[in-house]
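Biologist: I am new to this structure and would like a close look at one part of it. Please take me through the charged pairs step by step.

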Amino acid sequence: MTVNAATTGSTVQVSAVIDVDLPGPTISRHVYGHFAEHLGRCIYGGFFVGPDSDVPNVDGIRTDVVEALRALDIPNLRWPGGCFADEYHWLNGTGPRPERPTMVNTHWGDVVEDNSFGTHEFMALCELLGADAYVSANVGSGTVREAGEWVEYLTRADDSPMARLRRQNGRDEPWTVRFWGLGNEPWGCGGGFSPEAYAQVARQFGLYSRDHNGNELYRIAAGASSDDYRWTDVLMRSLGFQIGSGKQVGEGQSTFQAISFHHYTVPGPWERKGSATDFDEAEYYRTIAEASRIEGLLAGHAAVMDAYDPAKKIGLVLDEWGTWFDVEPDTNPGFLFQQNTLRDAMVAGLHFDAFHRHADRLVMANIAQTINVLQAMILTEGDEFVLTPTYHVFEMNKGHQDARSLPLAFTSAVPNVTSGESTVATFSASASTKDGHVLISLTNAHATDDVDVTIDLRGVEVGTPTARILTSASAGAHNTIGDKHSVAPRARDAAVSDGLLRVSIPRHSFVTVELPVSA
């Protein structure tokens, strides 16, 4: 039986309570962050087409994708990698473009790059997007001096050597750079470090990546893959934290302010991950099961950090997440191009609910990747592009950015299925409040069953709801150049009576409901 067949099942009743008058931690807008690596057609052909292209652009940056991403209120963009970051030497991407040296991208496709998209182009892109820059320094093959001089080049205003060089290259005023990554995946492509060895290097790079002219870097140490909690433990101890006390002793206490980890949703073995568009029910539920792991992973890393830092001074960052399937047929296997279906939208909805529930510790998350790579927002083809189902989840959920999370408790059983040896919940929800409104996100990831939801909104007066739905007859539905709106949001009926919100959610659907509230 395939999920792509319109098989119908039963309707399940689900009830929940939201205490609107008891808001919790603020959901950082940065958990809706993005990632753009020099990988496949993410940068070249995705964001950047060059100033001589027939595709409308601003000094080479595509205006159509910028406009589409601005509609998401994109909060930050991570660059240049990823694995690419640890072989990227930033000076080679500055100065007149025709004079920049070429380089080989050994990680992704073994292609030669001309360095035409470098520091100035990236910072111009961030300005066009209205997004904060998240720059990942080269720890794997770079030097402490190289990283420190990059910060100086970017952020210093006086007559220092790097500030003078920046002016020679056409930029008078320094930029603001908030987020600074200390390498990437140090256990693998970022240098093959042990946790202990990397912790020492991270402290060194963090120390010499200075704050200049009032620009305060938020330094992010590169951490674990998935559930390797030892990395988080070692990095917390390297900051001088004493377990159980919350106190720091010794040197290096402020060399970084956050710790990252990566986790991808991979439904099959690495050599046969599965198709992005052609999958059966078992593969569909394996994907949902893998995506659902994020809740336990966030809780696990947070628990390690809480043991040292109950005051939550150090942030947790998930700066790579998303689905990873086999590449599309007849495409470069090193370019990681995959289609994006309604199944991907279910994965995104499940992740965001988990992010909202861990708002007390999770300060940033970055989906991999923004354009043409893995779980992308946008797929480009020449001078055209399509918005993916994942894009629409980001857009429908943008009201959660910098909103106060709300406690949501189920008062009925939550639908579930068995996938392999695991029991996996197929319904998820989260809520937040901001500016006199409540936004509720609801994901019904069941392949065949619909859900009728009743939510008791307590502690406030509730106005008329506005609901939207993202769904299709097939979980494998996706958008193409020939059919750009196969999967797109549309209005959905929802009703409120005596403080009870009622909304019906078909199988494999994502729904948001916004309601005005008053005390």
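How many salt bridges does a search of the whole structure find? Please then look closely at R97 and its salt bridge with E121.

Modeller: The search finds 26 salt bridges (a side-chain nitrogen of Lys or Arg within 4 Å of a carboxyl oxygen of Asp or Glu). This is a predicted model, in which local features need pLDDT of at least 70 and side-chain atom pairs count only at pLDDT 80 or more, while totals for chains, interfaces and linings use all residues. Residues are numbered from 1 along each chain as its sequence is written, and side-chain values use heavy atoms, leaving out hydrogens and water.

R97 pairs with E121 in a salt bridge whose closest N and O atoms are 2.9 Å apart. R97 sits in the loop between strand 5 and strand 6, and E121 in helix 2 (residues 119–129), so this pair links distant parts of the chain, 24 residues apart (helices, H or I of at least four residues, and strands, E of at least two, are DSSP runs numbered from the N terminus). E121 is buried, with a relative accessible area of 5%, whereas R97 counts as partly exposed at 22% (buried is under 20%, exposed over 50%, partly exposed in between, with a 1.4 Å probe and protein chains only).

R97 also forms a salt bridge with D59, with 3.1 Å between the closest N and O atoms. D59 lies in the loop between strand 3 (57–58) and strand 4 (61–62), 38 residues from R97. D59 is partly exposed, at 48% relative accessible area.
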